[in-house]
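User: I would like to go through this structure with you, starting with its charged pairs. Could you take me through them step by step?

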Amino acid sequence: MHKTLPQQLFYILFFVLLAACRQSGSPIGDLLFKQTKNKVYKEVNTDSLHTYFKNYLETNTNLFKNPKYLTRFYTNANFEPVLITKFYADSSLFRLIDFLKRVEEHGLSNRSYKADTLYDALVQLSGRKDMKVDEAYACIVRAELLAAEALTRYAFALEYGVTNPRKVLPRYYIPVSRPDSVSFDRVLSVENLKHYLDSIQPKSGAYRAMQKALINENHGAKKIALIANMERLRWKYKMDSTHLIYVNIPAYQLYIIRDGSTKGQMKVVVGKADGHETPMLTSKIHSVQVNPIWNIPTSIAKKEILVQAKADKYYLANHGMDVYRRGVKIANPDTIDWSVYNEENLPYSFKQQPGNTNSLGLIKFLFKNGSSVYLHDTPAKAVFSRSMRAASHGCVRVEKPLDLTRALFGEGEKYDLIKEEMSSEEPVAKTIGLKPQVPVVLDYVTCKMDSSSTLKFYPDVYKLDSLLYRSLK
């Protein structure tokens, strides 16, 4: 049939518009066509891709460690495949895979990072020549989200540690930074992936020494210690080493640190591994009590003091202990028949007065914490000669209390007063404030680098290395 000129123009315009509708106008489609020469990417439509991406995220939240952050990021990015757009053409995503394949160098399990799965997804972007456009959408979205999941998991593992110690470890009260939505966005918004991956590798001498040592340890306690302590080094927490009292529980040592250097150290006795473990915490020493009064905890009163009182009616008097009932001091505790009491019905509380038999010794160092622990002197000096010094009820006994006092107060009037009161023949409890307050850290590290750059191992007295190791696997 012969067509008039207007009809011919109409059909030409129709087919032009139809072709235009079929053109993607999609930056990711153009990029992938340029890289793969697969014509299916010319059919990729931006709106259709965004819809597929959004629906996929909404129906597969169980596949991701942080679905809330992931959805938030890609919603703000209008469901654009930002990582493939930025890093597919220059092979940066394959560089990421190289790092993922080496996570065992950090003591991590490669099962969590799915390097091979990501590799296959990126290879599939090349696509079969007969691939349909809906398959192309699936390939793009899957590769993008696998890359986002792998990148954020890897970055957060190295920058913050895999575990949150406050959730994994008992009695861990040191504040640590954990990744949030801001850090999530920061990782997925990097502009130079290769540079970023290099920049987040831990660089401390201790960490690198542990990595090197790990290569030669295939099993056993040393391997577990290395992996656990590399994780500890990845945790982020603030520690001001300008003036710091640092206790390493497994080492049974206290370190006096000034301007980043150790200026002194002494032995300590820490909590027993029987429910009396010394907690891990940070605080500030705000005062000392010279010739302290010991308000004996209820648990110790029931399990220990009562037993001693039953065995020896003069035990309390000989150890300077007063007895109270409902807050009222008992005038003649020697007359109490302790045999009628047990842990369940004991109505008394106890205070030990200052003196040479006081379990806190001649001074205690006070800092705020929720575990009611402190540093203190002790009359039981023989324990410091033992190699295994987990023997207290949770508080930390110090070998050289006067040296610690001098490190805190310095030479001067307050130090002289404390020294004089500690030697008094008529001891009276006296609290003396410390200004400025001095940070104190009670930590748990079973492997560290010493001053000669040699790794030193300490016993895992509370079995926390094993606990960390299992959580990383």
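Analyst: A salt bridge is counted here when a side-chain nitrogen of Lys or Arg lies within 4 Å of a carboxyl oxygen of Asp or Glu. The model is a predicted one. Arg-234 and Glu-231 form such a salt bridge through their side chains, at 2.7 Å from N to O.

User: Where do Arg-234 and Glu-231 sit relative to each other in helix H13?

Analyst: They are 3 residues apart in helix H13, and therefore about one helical turn separates them.

User: Is Arg-234 buried or exposed? And what about Glu-231, buried or exposed?

Analyst: Arg-234 is buried, with 2% relative accessible area. Glu-231 is buried as well, at 0% relative accessibility.

User: Which parts does the pair of Arg-186 and Glu-159 tie together?

Analyst: The side chains of Arg-186 and Glu-159 meet in a salt bridge of 3.5 Å, N to O. Arg-186 belongs to helix H10 (residues 181–188) and Glu-159 to helix H8 (residues 133–160), so this pair ties together parts 27 residues apart in sequence. Arg-186 is partly exposed, at 35% relative accessible area, whereas Glu-159 counts as buried at 15%.

User: How many salt bridges does the structure hold?

Analyst: There are 18 salt bridges. One of them joins the side chains of Asp-130 and Arg-128, at 3.0 Å from N to O. A network of salt bridges links Arg-128, Asp-130 and Glu-135.

User: Changing topic: what is the volume of the largest pocket?

Analyst: Its volume is about 1,000 Å³. The lining comprises 34 residues, and those closest to the centre are Tyr-246, Ile-257, Val-445, Lys-448 and Met-449. Among the elements that give two or more residues to this lining are helix H12 (205–215), helix H13 (221–234) and strand S14 (447–449).

User: And by class, what lines it?

Analyst: The lining of the largest pocket has 19 nonpolar, 9 polar and 6 charged residues.

User: Which element gives the most to the lining of the second largest pocket?

Analyst: H14 gives the most, with 7 residues. This second largest pocket holds about 800 Å³ of space, and 39 residues line it, with Trp-294, Ile-300, Ser-359, His-393 and Arg-397 nearest its centre. Its lining has 16 nonpolar, 17 polar and 6 charged residues.

User: Finally, which residues touch the most other members of the largest nonpolar core?

Analyst: They are Ile-245, Leu-254, Trp-338, Phe-350 and Leu-375, in a core of 74 residues. Strand S13 (residues 430–443) gives the most to this core, with 6 residues. Another core, of 68 residues, lies apart from it and includes Ala-77, Val-82, Leu-93 and Leu-188.

Note on methods: Residues are numbered from 1 along each chain as its sequence is written. This is a predicted model: local features need pLDDT of at least 70, side-chain atom pairs count only at pLDDT 80 or more; totals for chains, interfaces and linings use all residues. Side-chain values use heavy atoms; hydrogens and water are left out. A nonpolar core is a set of buried Ala, Val, Leu, Ile, Met, Phe, Trp, Tyr and Cys residues joined through side-chain atoms within 4.5 Å. Buried means under 20% relative accessible area, exposed over 50%, partly exposed in between (1.4 Å probe, protein chains only). Helices (H or I, at least four residues) and strands (E, at least two) are DSSP runs, numbered from the N terminus. On a 1 Å grid over the protein atoms alone, a cavity is a set of points where a 1.4 Å probe fits but cannot get out, and a pocket is an open set with protein on both sides within 12 Å along at least five of seven lines; lining residues have an atom within 4 Å of a point. Grid points are joined across faces, edges and corners, and a volume is the space filled by probe spheres set on the points. Ala, Val, Leu, Ile, Met, Phe, Trp, Tyr, Cys and Pro count as nonpolar, Asp, Glu, Lys and Arg as charged, and the others, Gly among them, as polar.
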